[in-house]
Amino acid sequence: MSTSAIRPDIPLLKVLNLRTHLPTERGIVHAADGVTFELKSGKTLAVVGESGCGKSVLCRALLGLLPKTAIIGEGSGIFYNGTNLVELSEKAYNKIRAQEIAMIFQDPLSSLNPVMTIGRQIAETLIYHKKMKPGAARRLAIDLLQSAGVPGPKQRIDQYPHQLSGGMRQRAAIAIALACEPKLLIADEPTTALDVTVQEGILDLLGQLQAKRQMAMILVTHDLNIAAARAHDIAVMYAGRIVEQASAATLFSDSCMPYTRALKNSIPRIDSPPHTPLNSINGRPPNLLRPIQGCAFAPRCSRTRELCHTDRPLLLPEPENRRHLVACRYPLRGAAL
């Protein structure tokens, strides 16, 4: 698949019933279990949920970066600009990585090559995908570092990842990801290891670059506040499945899935009196090595009934808002808590 014009008549990305099977010594992990969603050009979809719910596996599946032993379930589809990526060869997939779809990983210290300078890592992408000469690639790499907010880019370009702070490493990772001007950017918890002020700067930078380039973006986070402030739509994942999806405004004003409410109630409030106990969700997420019957959240839900343990709820639209999707047999109604 080569770089092509974006088709305005279809979603840029359409994921249909994505199932991933990851063989391990203890069994098969079903990290993504029937994930379906759409994303249009220029829009941001936030994917939220607890650690281990399948967010990162979903991201890697979109880029074809799962382990070689991984299996994509029959009937799964990842349609980018009308092309089903699941059917592509590794050679064809390599042509769209970085050039059409790029990814910023959680930890830049582990995702960046420790024995290559920052400039060489950026230039390598440009030389491979854009067929640029080394000199031209180096000059563009300096411009990319500057656009990513890296101070002194002419000096930083010859430094190694360990010589940069966490925030600067993340900015360098952003420069690498955006080098080929991708149409879709996947940001997998890009601010997890950063302090609050640096975090805000990185998110502002991503927003500015997205608006300038009209990219679509998938923002993976466990922080609902970030999702609410930065995304157009939010998908809540639990045990490999999307259990609620809606616009950011709808999800915060009228969430229906008990798990979503529990996540929201777990957010500390700045206006709470001192020493107020933090809310938590009782129990633990299910073991994804074991088949799940019924609703995966049932053992932790206060609204559980007998049907919840035996019948898997489908992700269906709410009667009053067709864009608000909920997977719950007994959804909550009324204003969010």
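The buried residues of helix H11 pack against helix H9 (224-230), strand E10, strand E11 and helix H10 (248-254). Contact here means heavy atoms within 4.5 Å, and buried means under 20% relative accessible area, with exposed over 50% and partly exposed in between (1.4 Å probe, protein chains only). Helices (H or I, at least four residues) and strands (E, at least two) are DSSP runs, numbered from the N terminus. Seven of the eight residues of H11 are buried, and the helix is mostly covered. The buried set consists of Pro258, Tyr259, Thr260, Arg261, Ala262, Leu263 and Lys264.

This is a predicted model, in which local features need pLDDT of at least 70 and side-chain atom pairs count only at pLDDT 80 or more, while totals for chains, interfaces and linings use all residues. Residues are numbered from 1 along each chain as its sequence is written, and side-chain values use heavy atoms, with hydrogens and water left out.

Strand E11 (residues 241-247) has seven of its seven residues buried, so the strand is largely enclosed by the rest of the structure. Two strands pair if DSSP finds at least two bridges between them. On one count, E11 runs antiparallel to strand E10 (residues 233-238), and six bridges join the two. One of the pairs is Tyr238 with Arg241 of E11. E10 and E11 form a hairpin with two residues between them, and Ala239 in the turn has a positive phi of about 55 degrees. E11 also pairs with strand E13 (residues 321-326), again in the antiparallel sense, over two bridges. There, Glu244 stands opposite Val326 in E13.

Positive phi values also occur at two other residues that are not glycine, Asn17 and His275. Asn17 belongs to strand E1 (residues 13-24), and its relative accessible area of 27% makes it partly exposed. His275 is found in the loop between H11 and E12, where a relative accessible area of 80% makes it exposed.

| Residue | Phi | Relative accessible area |
|---|---|---|
| Asn17 | about 50 degrees | Asn17: 27% |
| His275 | near 70 degrees | His275: 80% |

The loop between H11 (258-265) and strand E12 (316-318) also holds Thr310. Thr310 counts as exposed because its relative accessibility is 58%. The C-alpha atoms of Thr310 and Met103 are separated by 38 Å, and the two residues are 207 apart along the chain.

The protein chain as a whole has 11 helices and 13 strands. Its C-alpha trace spans about 65 × 50 × 45 Å along the principal axes.

Buried residues make up 48% of the 337 residues. Of the contacts with a separation of 6 or more, 67% come from residues 24 or more positions apart. The chain exposes about 17000 Å², of which carbon and sulfur atoms supply 53%; accessible areas come from the Shrake-Rupley method with a 1.4 Å probe.

There are 40 positive and 28 negative side chains, and the centres of the two sets lie 4 Å apart. Lys and Arg count as positive and Asp and Glu as negative, while His and the chain ends are not counted. The place of a charge is taken as NZ of Lys, CZ of Arg, CG of Asp or CD of Glu.
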